Each structure stands twice: as C-alpha cells, then as structure tokens.
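The sequence and the structure come first.

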Amino acid sequence: MNPDMRAFLAALDTEIVFGQVAVRRLERGFELRHESDRSAAADNLTTLKGTELRTWSQQAAGGAFRPLKSAPNLRAGWRALAADSAALELLLHYLYPGAVADWFAAQAAAPPITSYRQFTARQTGMYRITTMLQDAIAGAAIRACCHVDFCLKRRLWSVEGLEADAAGAKSLIPCLEPCALLLEFARKVARLEQNDAPPSEEPQADAAEGDFDAPSNPRRKRFGLEKQALAAKRAVE
Amino acid sequence: MQRPLCASGIFQFCTNHEILEYLDQRWPSANRPCRGHHWPCDVSDNFSDAALVLIGHGSTVNADSATPTCQHADALRQRGLFAQVREAFWKQEPYVWQVLRGVFAPRVFVVPLFISDGYFTEEVIPRELGFRRPGETNFARAQQRGGQTLHYCGPVGTHSSMTEVLLARAREIVQTFPFPRAPKPSDTALFIAGHGTGNNENSRQAIEQQAALIRGRQLYAEVHAVFMEEDPRIGDCGRLAHVKNIVMVPFFISDGLHSFEDIPVMLGVPRPVVRERLRQGQPTWRNPTERDGKRIWYTAAIGSEPHLSDVILERVREAAGPC
C-alpha cells in the first residue's frame, strides 16, 4: 500500500469527510457517499461502480462540465463500495484526483507549497502575462477564483499581502499550488487590467465555470466584488 | 520466415528483417548488447515495480479532451502490468505538477499522449515535472529523484507503430459503414489530417512522416497529408484525390472542436448543420458522404483507438531498455 493511503486509513476511524464525500469503514471494505446523504437509506441511493463514479463527478446538476473536482457542486444521490484499500484509493482518485497524495504531502515537516510568484515565474507563452499582476490585484484574483463558493480546497499557498486559508477552512483537502483554472483566470485578469474595461452592468445568466471570456462567469463576477472591496480599502487608507 | 515481434499485438507478425530494423531503430546497435537474442527475451516486460503516468492536455471547458487519456489509463490499469497507473493533465486534475506526489514506485515511466514533439512535450511537461529547469535547452530523459528513477518517454504520436493505429482506424470505418460496399484500399485515397501550424514544424512533420510510411506500404491508391492551418488543406481532398473513395483520419488525440466541428465544416457540411447535429447528439459527419463525385469516410480521432495502449507500452519498453 502506498504511504499516502496508509496514512489516510490510519486517520479513518469510522468515518471521515473528505471534500464533500463521507468515507465509512464497513465490516468489510468501505462505503463512499455524498456527505449530504450521510443519513439516507442505502436503497434510496444509486450505487455507482468504478469509473461510473468518475463520469458522475464530471458533471454538475444540469449537465455542466466540472473543470475542478473540488468545486462544491458534487451531485448527491449515490453510494459506492470499495472492497479494499486499493479500490478505495481508485474511487477517491476518481472523485478528487491527487487529493489523498496532497493531503499526505501537506503533513510533511516542510510541505511542498508553491507560491503564486514561484508558480507563475516558470510559466511561458500565453501565461507569462500572469507574472505582471501586482500583488493586490493578484490577491483579489486569488480571493475570487479560490472563493469557497467555487473550491473547497484549503489554500496553503499565497501571494504577498494575502493570507493562506486558516486551518480547518473549507475541507480536509489542501491546495499546495495554483491550479490550471487559477492560471487561466489570472491570465484573463491581467488582460482585463491592461484594457481597463468597465464591468458590464447587464445582469446575465452565469456562464460556464471555465469560460473566463464571458463577463457573466461566476468567478469574474466575484472578481468585480473583490476589486470594489480593494478600492474601498484603498480609499480608507 | 515470419514470427511474432512482440506481445503488444500492434505487429502481429513481422519478418526477421523487420525485427532487426525495429530493434536497430529502438536501440542503436552500440547500446544494444543482445541483438542475437530471441524476441522478446531482450525486453523486460516486468513492470510490477513501476508506475506509469500518462499525460494528456485536458480542458477547463469540456470533458472530451481527457477521455482518451482516461481510457488508456483504465485499460492499462486493468492489465495489471504496473504497480500503479496514473493519468495527469495540463488543464485538469491531477495536474502535471501535482501527479508525482502520489507516485511511490521505484521506477516511474511518464508517457505524453501527444501527437508531436514540441512545446508541450519538450518544454511545458518536462518543466512542470521537474525534468527541466527554466532556460535549459536540454534535459536528461532518465533522472534519479530520491529512491526513484523517473523516465520521460517520447510522445505516442511520433512512434513508428502509430502507422498501425492509423491503418486500423481507416480499415474500421469502411467496415463499419460499408455503403454501398466497403471499398478496397487499392481503390481508396487515404488522407491523414493534422492541425499544422506555422509556429511548430514538428506538428506538420509528424503527419507527413506517417503519410510517407503508409505510402511506402503501397496499400492505398494514394496517401496524402492535409492540414487545418497549412497547405495542402483538408478541404482540398476532393481535388487531390484521383480515385472516387476517400478515407480521412484525423491525427488528433482527442475528439473535440477540431475533429467534431471544424473538419466536417472544411469537408463541406455547413456549420449550422454541424452544430444542430451536435446539439441533437448525432455524429457531425455521415459515413460515407458524397461530395463532388467523391465518397468520403471520416473517422474519429485516433486517441480512442484501443491499439494506442500498446503504443504507450512500446514507449515504456524503449525507456526501460534491454533487460
């Protein structure tokens, strides 16, 4: 057994909630279900097997693609059974890819955390522009992109002037470095800052989670609020 | 005399000459101590102490891009050859920069599911895996890290056995849609369709190399390389073909915007029709379709071709070297 799973099983007494998933020990093996279904009768839940769980986790209610598995919109109504630790490892991998390994790595004496500056400094091509964001704007972009409405990972990395998430915030799953959505979002913010375009006043339905070109993207709307808060703070100062 | 070349099933049988040619290509003779060994004794197929990491591009806007990588990871996981099989992506979790944290085997083989050597396979992925430091022009493909040996393998798309994957795709489409009857290869023009871009010569070369390899086998009446963004264009296939039947294989890993939408439009289907078919969940190209006196079969992207799992294994064997 890999050391990350060994540590995970050691932490799993009878039940552990990992992201939005409750993992329970059974007499033989393990059961996984959405945390909101913890008290639901098993007969009322759809049993998903193996890769069915990955397919299930790819779509939000309504069929929208979930580009980030740690988004707080995992659909409920299912349960999955794992006969042993290897099967459990795979099911957790389908639901939260890489998360058990990150959870284990975060417990090291020196966790492998990569800051926004370290991460963006090594980027090339179209993402080089992300190095140009000033700390305050980068902070607003991170607050918006990593808001608890969009991601349940506890952010351990940061940028100058922004605190990492507090212990116990969001979920057990740590975030050790910026993700592809953050990188894409920072690129969009950098371009918006260059153009200094005013935000649209028109109320619009939310665009797809990963579509940062749309002003109605939920993270872009959130960024508008974060910038307003930043401007207000600067006015007070 | 013919005998089995390898257990992968890509080449069911090959001549002795082909075996030696293949071995020479994989391992220059100076580095290959056992040319006289019987195949496959000089190749270690024991990867029970090893992890396989498949790298795909992925997407932040649709699930299709990751599908072939997940498909082959599942298939190779089921074969039970490796202690661990993990997939990773540039755009989806687990990310390229994240994946090795969960890989603990002493030997690790990283195989990019990409078509050509280029920006992603030579720069982005090696950098994010820690194989290559920013600014370095070259890097070691095998590296020691702690107690692990990491092997960075070549992309699947440039492997010589991809020819078999392309031919399988071309065969399957006319067998699946034999209307009014499946044409013989000798009455068919085969087109390998690639993206092509002025920014990266390797993108074009990978397609042209495959077209040349297939042409050399003299199976098809004609073999052409065509491109989305370079000449000769995909839309020129009717003019380029001198025979009535055309089979077009998109040399892309994933079925996505290009293969589902852009190429059918280039082949003559109006974009609103393509979008309506997409909306209704129908295939965007109907096999075969008559256009300008030519009958055109158009296949899915090659990434979902089951034989690709064997090409991945070939890349691993190359990196592992002779036992």
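How are α1(A) and α3(A) oriented to each other: roughly parallel or roughly perpendicular? They are roughly perpendicular, the class for angles of 65 to 115 degrees. Helix α1 (residues 3-11) of chain A and helix α3 (residues 85-95) of chain A have axes that cross at roughly 100 degrees and come within 11 Å. Axes here are lines fitted to C-alpha atoms, for helices over the stretch in contact, with angles from 0 to 180 degrees between N-to-C directions. From α1(A), the contact (heavy atoms within 4.5 Å) involves Met5(A), Phe8(A) and Leu9(A); from α3(A) it involves Ser85(A), Leu88(A), Glu89(A) and Leu92(A). By class, this contact has 5 nonpolar, 1 polar and 1 charged residues; Ala, Val, Leu, Ile, Met, Phe, Trp, Tyr, Cys and Pro count as nonpolar, Asp, Glu, Lys and Arg as charged, and the others, Gly among them, as polar.

The model is predicted: local features need pLDDT of at least 70 and side-chain atom pairs pLDDT 80 or more, while totals for chains, interfaces and linings use all residues. Residues are numbered from 1 along each chain as its sequence is written, chains are lettered from A and ligands numbered from 1 in the order in which they are written, and side-chain values use heavy atoms, without hydrogens and water.

The table lists the chain totals. Helices (H or I, at least four residues) and strands (E, at least two) are DSSP runs numbered from the N terminus; buried means under 20% relative accessible area, with a 1.4 Å probe and protein chains only. Accessible surface follows the Shrake-Rupley method with a 1.4 Å probe.

| Chain | Secondary structure | Buried residues | Accessible surface |
|---|---|---|---|
| Chain A | 8 helices, 7 strands | 51% of 237 residues | about 11200 Å² |
| Chain B | 10 helices, 12 strands | 56% of 323 residues | about 13800 Å² |

Among contacts with a separation of 6 or more, residues 24 or more positions apart account for 58% in chain A and for 69% in chain B.

Within chain B, Thr284(B) lies in the loop between α9 (271-279) and β11 (289-291). Thr284(B) is buried, at a relative accessible area of 5%. Leaving out residues up to four places away in sequence, Thr284(B) touches Phe260(B), Pro264(B), Val269(B), Val274(B), Arg277(B) and Leu278(B).

The interface takes 40 residues from chain A and 27 residues from chain B. The buried area (accessible area lost when two parts are put together, summed over both, 1.4 Å probe) is about 2700 Å², with 51% from carbon and sulfur atoms. Glu93(B), Arg101(B) and Phe104(B) give 25% of the area that chain B buries against chain A, more than any other three residues.

Definitions and conventions: Angles under 35 degrees count as roughly parallel, over 145 as roughly antiparallel, 65 to 115 as roughly perpendicular and the rest as oblique. Buried means under 20% relative accessible area, exposed over 50%, partly exposed in between (1.4 Å probe, protein chains only).
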